[in-house]
Amino acid sequence: MENTPLHAAADVKQNEPSGHLQKKLKTRHVSMIALGGTIGTGVFLGTGPAIHAAGPGGVLVAYSIIGIMVYFVMTGLGELATFMPTSGSISTYATRFIDPALGFAFGWNYWLSWAMTLAAELSASVLLMKYWFPDSPSLLWSGLFLALLFLLNILSVKGFGEGEYWFSFIKVATIIIFIVVGTLMIFGIMNGSEPAGFKNFTVGDAPFVGGFLGTLGIFLVAGFSFSGTECIGVAAGETENPVKNIPRAIRSVFWRILLFYILAILIISFLVPYTNESLQSSSVLTSPFTIVFEKAGFALAASVMNAVILTAVLSAGNSCLYVTSRIMYAMAQDGQAPRFFTKVSKRGVPVAALVSTSLIGMLAFLASFVGDGKIYLWLMNSVGVTTFIFWLGIALSHYRFRKAYVAQGNSIKDLPYRAKWYPFGPIFAFVICFVILLAQDYQGFTSGDIDWEGVIAAYLGIPVFLTFWLGYKFIKKTKVIPLKECKIDIKEFRH
């Protein structure tokens with residue numbers, strides 16, 4: 001098919017010899033970005049409250065189902081990203097294979113979500129530093145860490161890659177050490193303790209606490225723990241040999257991530273009973289990792305875990321700046337954001353997009369000090385469910401892409417990477433994401449009087465997404481693209 005004028009301009013821009021994104025992310029960068037991208041506060045702090053609420057069995061079931069769903073999302077993204085490696089990711093794919101209005105909505109929601117997450121990570125870094133320096137000013141640490149992350153990203157994409165590599169290395173090393181130490185403690189080999197056995201796994205109402213509804217309540221927590229996996233799709237646009245490196249990262253790394261989560265939850269469940277009241281807190285002092293390391297006799301366990309969690313926060317902030325700047329750049333190329341965001345430095349960095357996200361993130365952080373943080377909380381609530389919206393969009397884009405690819409007379413044997421279990425995979429992922437989006441705050445409707453404030457806060461992200469989608473659709477009069485008219489130009493992305 002022929003390029004439209006809009007896409008033709010974008011393609012010319014991408015192929016210019018200077019002033020464009022550069023493919024500087026190496027295999028080790030991509031693998032560690034994919035591996036470390038989902039290991040953050042979700043596993044270090046979130047697993048404790050989850051086990052306390054649903055018991056070890058409920059948490060294992062929830063994480064396993066979400067893990068399978070994310071596997072299908074990631075393999076679908078792998079098929080898209082190897083055929084069409086672009087920094088626009090979900091925005092570009094939805095624009096080409098579903099409806100430009102959906103691409104616009106996905107792109108801007110993705111940008112907003114990560115910009116607000118940057119503010120959240122700055123807030124978290126302040127709290128972590130005050131563990132060591134309780135009387136220090138908040139703006140000192142937020143400003144210092146924002147400057148550090150900005151410098152890593154402004155240098156070049158390789159600067160982001162190197163920073164993410166070492167941040168992720170620390171997180172992965174901590175998980176591995178935890179699994180080894182925990183396993184030795186379970187069998188009574190370390191610290192002279194008696195073998196823990198299965199007694200904590202079945203204590204009280206365990207392993208399933210609260211029945212089906214207790215497990216259902218953990219699905220959203222599990223989803224947030226895996227959030228960030230889709231960043232590999234954005235990185236595909238700046239990856240050396242994406243046809244080879246992206247599938248390798250998706251195939252090998254995802255199962256390691258799932259293995260890390262399942263093993264970590266099992267070890268926590270064997271060593272710490274769900275009835276332990278300390279698990280209710282999200283404080284680093286009562287993190288299940290801290291509890292286990294202290295039981296193992298490690299001195300300064302809380303301080304060490306605080307440092308590890310700080311690297312997780314900085315890693316997330318690093319990804320925030322990278323992802324938002326690339327999404328903004330790609331949308332500007334497609335005419336869905338102001339054109340000045342296409343400006344790129346000689347080192348291949350979209351400076352205008354990077355600066356704008358940094359400013360928005362800092363302003364959102366400052367909003368946390370206004371009106372008891374209500375402005376900030378509403379902003380965060382508006383993007384709280386966006387992870388599932390993005391995954392839903394990836395699944396739908398993959399489903400439509402494969403249908404369009406075949407409808408236009410192409411053979412799936414020619415795809416650089418083929419997702420298994422099509423069409424079951426994207427359909428399964430779509431249904432799970434849709435159900436969780438609807439049922440995320442079912443407690444608000446089942447506790448007698450409806451908690452309207454809580455319900456509105458929980459579901460605010462959905463009307464925000466619909467406003468972007470339907471608003472653009474009304475103004476631009478866009479329609480769902482027929483399968484045979486979807487823009488699939490094999491030569492354009494042939495490697």
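Where is isoleucine 360 placed? Isoleucine 360 lies in helix H14, helices being DSSP runs (H or I) of at least four residues, numbered from the N terminus.

## Basis of the model

This is a predicted model, in which local features need pLDDT of at least 70 and side-chain atom pairs count only at pLDDT 80 or more, while totals for chains, interfaces and linings use all residues. Residues are numbered from 1 along each chain as its sequence is written, and side-chain values use heavy atoms, with hydrogens and water left out.

## Aromatic pairs

The structure holds 35 aromatic pairs, meaning rings of Phe, Tyr and Trp (its six-membered ring) with centres within 6.5 Å, where planes under 30 degrees apart count as stacked, over 60 as edge-to-face and the rest as tilted. Phenylalanine 44 and phenylalanine 289 form an edge-to-face pair, with 5.1 Å centre to centre and 75° between the planes. This pair links distant parts of the chain, since phenylalanine 44 belongs to helix H3 (residues 41-44) and phenylalanine 289 to helix H12 (residues 288-295), 245 residues apart. Both phenylalanine 44 and phenylalanine 289 are buried (under 20% relative accessible area, with exposed over 50% and partly exposed in between, for a 1.4 Å probe and protein chains only).

Tryptophan 166 and phenylalanine 169 also form an edge-to-face pair, at 5.7 Å centre to centre and 65° between the planes. Tryptophan 166 and phenylalanine 169 are separated by about one helical turn, because they are 3 residues apart in helix H8 (residues 157-186). Tryptophan 166 is partly exposed at 49% relative accessible area, as is phenylalanine 169 at 39%.

Technical notes. Helix = DSSP H or I, 4+ residues; strand = E, 2+ residues; numbered from the N terminus.
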